[in-house]
Amino acid sequence: MPKAYVFTRDGGPEAEELADLERPVPASGELLAAVRAAGVNPVDWKLRSGFRRPGESERRYPAVMGSEAAGVVVEPGEGVTGFAVGDEVFGNTAGGGFAEYALLRADATAHKPAGLSFTDAATLPVAAATAYDGLRQLGLPAGATVLVTGAGGGVGTAAVQIARAFGLRVVGVASEGKKAFVESLGAVHVAGGPDLAERVRAAAPDGVDAVYDLVGGAALAEAATLITDRTRLVTAGVPEETVAALGGSRVARARTRAVLDAVADLVVRGDLDPHVTRTFPLERAGQALRLVEDGHARGKTVIEVTA
């Protein structure tokens, strides 16, 4: 039977296990894909810990982990057009991606360009697409300056590069240990921690035009003081009500094929490097999750599945 990495109840890492599951059957609007790679994101361990997405139906266990995947179409579901058996694709999962077979949402799945590896493609539907959506939401003109908190993480790494591709100047907040990495992406590095606003003003004496927050907490509160137009404050790091109190808003996720095509094109053109720094086989999915859950991962972590 096909292998999948699942959690059997809400809780910590002890709730995870590698299991044998029946091959899933695609419903209307879904694709069944043979997985070649799956990206690992903080939302994966948060879902295991009990987090529920808005509108999520009652959870059934065992629940396969993983929110994004790349692979080869095995079976299109009813009503799905534009995809055929054998197509190489990547997209948002409809039932977990840490598995040999996964269901993908057809409306949030795109064809993988020939010049894009499965490993890199698997990192795009969550982190890169979130970065892209947030920057489009800010709507900054070329030449403007954007402050990105959490610039050394998965979404932050993509946000810095996409902002640069849009012609923006970037100030990136990250730990001192990620200074060289953030600067290599094209951002001016500023260390996080107390008195963040003061350091940002020193690094960007002409000010910043917008804030893209990815961490929340004190960093978000301080960053908000740097801009007067709070419509130019967006976050993927805290709930809507928290950022609304500061006058900002959550990133409005598009989750469309057009966005996936756009970020894939940025990779193919050389404007976006997913920076996959660690890969693990499916059998070691737990180690991949611990790396991300511990908060020490730089760039992206990917689970690779043997064909």
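Modeller: Gly39 stands opposite Val302 in strand 15. In this predicted model, local features need pLDDT of at least 70 and side-chain atom pairs count only at pLDDT 80 or more, while totals for chains, interfaces and linings use all residues. Residues are numbered from 1 along each chain as its sequence is written, and side-chain values use heavy atoms, with hydrogens and water left out. Helices (H or I, at least four residues) and strands (E, at least two) are DSSP runs, numbered from the N terminus; two strands pair if DSSP finds at least two bridges between them.

Strand 3 and strand 15 (residues 300–304) are antiparallel, with four bridges. Gly39 also stands opposite Glu68 in strand 5; eight bridges join strand 5 (residues 68–76) to strand 3, again in the antiparallel sense. With strand 7 (residues 101–111), strand 3 forms five antiparallel bridges, and Glu30 has Arg105 of strand 7 as its bridge partner.

Asn41 lies in the loop between strand 3 (30–40) and helix 1 (42–48). Asn41 is buried as well, at a relative accessible area of 4%. Leaving aside neighbours within four places in sequence, Asn41 is in contact (heavy atoms within 4.5 Å) with Glu68, Val126, Ala127, Val292 and Lys300.

Definitions and conventions
Buried means under 20% relative accessible area, exposed over 50%, partly exposed in between (1.4 Å probe, protein chains only).
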